[in-house]
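I opened the model to go through its fold, its core and its aromatic pairs. My entries follow.

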Amino acid sequence: MDLNKDLGATSTCTTCKFKENRSNYWTAVMYFKARNGTYIRVPQMANQFIGAPNGGMTVYYIQPIGSNQKVTAFSKGFRMIVGNPMARARRSQDANSFESRSISYRCFGANFGSDAGYPHPGTGPLDTVNLPPRTCAGGIRSNIFFPSCWNGKDLDPADHASHMTWPAGTIGRDGLLFHVGSCPASHPTRMPLILLEIVWDTRQFNSQWPTDGSQPLIMSNGDPTGYGQHADYVFGWQGDALQRAMDQCTDIGGNPASCRTLAQQSDAEMNQCTMQPVVNERVEGVYLNELPGCNPPQSGPDPATMIRDCKALSYTGTLPPVVTPAPPASTAPLPVITPPPTVPGSVPRFGQCGGQGWTGATQCVSPYTCQATNQWYSQCL
């Protein structure tokens with residue numbers, strides 16, 4: 001994506017409550033594996049206390065609570081990721097580490113029932129770092145925090161992550177939501193703490209839960225553990241709206257109406273903002289023989305691997321998806337591409353290192369190697 005493109009100016013609508021928020025948020029979605037081995041997407045539902053949007057997610061921009069630290073808004077072209085899509089085992093055995101607290105799942109009781117002593121995301125006995133291994137009467141919520149300390153230089157490095165880190169200090173019992181800390185010298189600029197909450201309506205599948213103890217839930221990246229959940233953020237606020245909000249909207253109650261410097265829209269207006277599918281592939285609403293794309297289940301505990309010679313359907317414009325047989329694999333030889341000069345050790349983990357037409361560096365930093373996903377894309381893994 002072009003870092004110079006102003007998403008706030010070019011977008012035509014938003015599904016967010018504040019009209020000025022045109023940012024993009026992405027996470028892996030959840031599927032349910034039926035007893036006959038087929039998969040169906042688990043629908044998202046509106047979070048508690050937020051009205052009646054069509055599923056989606058709840059997004060919070062949080063200042064350090066109880067602190068007067070200056071919070072600097074993201075800039076045009078900024079983006080970041082959190083989490084490791086290849087992880088299939090717990091990243092840290094320390095239950096209070098940033099890795100353990102940043103991505104978790106809440107197993108709701110009926111009607112969003114939670115432990116009253118631990119209401120905040122990523123805390124208490126109802127929140128786990130792996131997918132809940134049991135039925136949840138009120139559904140499951142993904143809690144995803146992004147780091148909030150910026151190095152002040154890079155908008156989007158090759159790994160999409162090293163320009164951000166966590167504030168120093170010990171996380172308290174109320175989790176990252178109330179963690180203030182201080183930004184390290186390497187990443188001195190305090191940015192908004194972004195929290196995503198996505199509620200998966202697993203209630204309709206509880207009666208189909210396996211009796212053999214197996215996990216029927218799986219994320220769309222082929223992850224049946226939940227350890228590989230991850231999220232992407234692409235900044236797209238209009239003008240100085242986010243900076244005004246960080247400076248003026250300090251109510252910790254989370255009520256959008258209290259932030260009067262921003263313009264709100266109704267749930268009906270939010271629900272009218274839709275986008276046609278851009279991939280000619282059926283991904284929801286019916287039982288599928290396999291997960292969309294090249295994402296076969298990989299349960300670990302070793303990290304997942306990229307699928308070589310992927311035969312998933314390619315982009316086909318903006319036509320609605322139709323169910324069609326997969327095209328036969330081509331037997332024609334791939335064109336010979338002269339590789340660009342090698343730049344030793346220049347591509348970080350998860351960065352692109354090859355593919356047809358690629359003109360960038362091709363050698364990964366140690367110990368990672370360049371692995372081909374398909375003809376057009378290779379990645380350091």
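How many helices and strands are there in the chain? I found four helices and 18 strands, taken as DSSP runs (helices H or I, at least four residues; strands E, at least two) numbered from the N terminus.

I noted that this is a predicted model, in which local features need pLDDT of at least 70, side-chain atom pairs count only at pLDDT 80 or more, and totals for chains, interfaces and linings use all residues. Residues are numbered from 1 along each chain as its sequence is written, and side-chain values use heavy atoms, with hydrogens and water left out.

I looked up burial next: 43% of the 381 residues count as buried, meaning under 20% relative accessible area with a 1.4 Å probe, protein chains only.

I counted 12 aromatic pairs, that is, Phe, Tyr or Trp rings (six-membered ring for Trp) with centres within 6.5 Å; planes under 30 degrees apart are stacked, over 60 edge-to-face, the rest tilted. Tyr 25 and Tyr 233 have ring centres 5.5 Å apart and planes at 45°, so I logged the pair as tilted. Tyr 25 is in strand S1 and Tyr 233 in strand S15, so the pair ties together parts 208 residues apart in sequence. Tyr 233 is buried at 0% relative accessibility, and Tyr 25 is buried at 17%.

Notes
Buried < 20%, exposed > 50% of the residue type's maximum accessible area, 1.4 Å probe, protein only.
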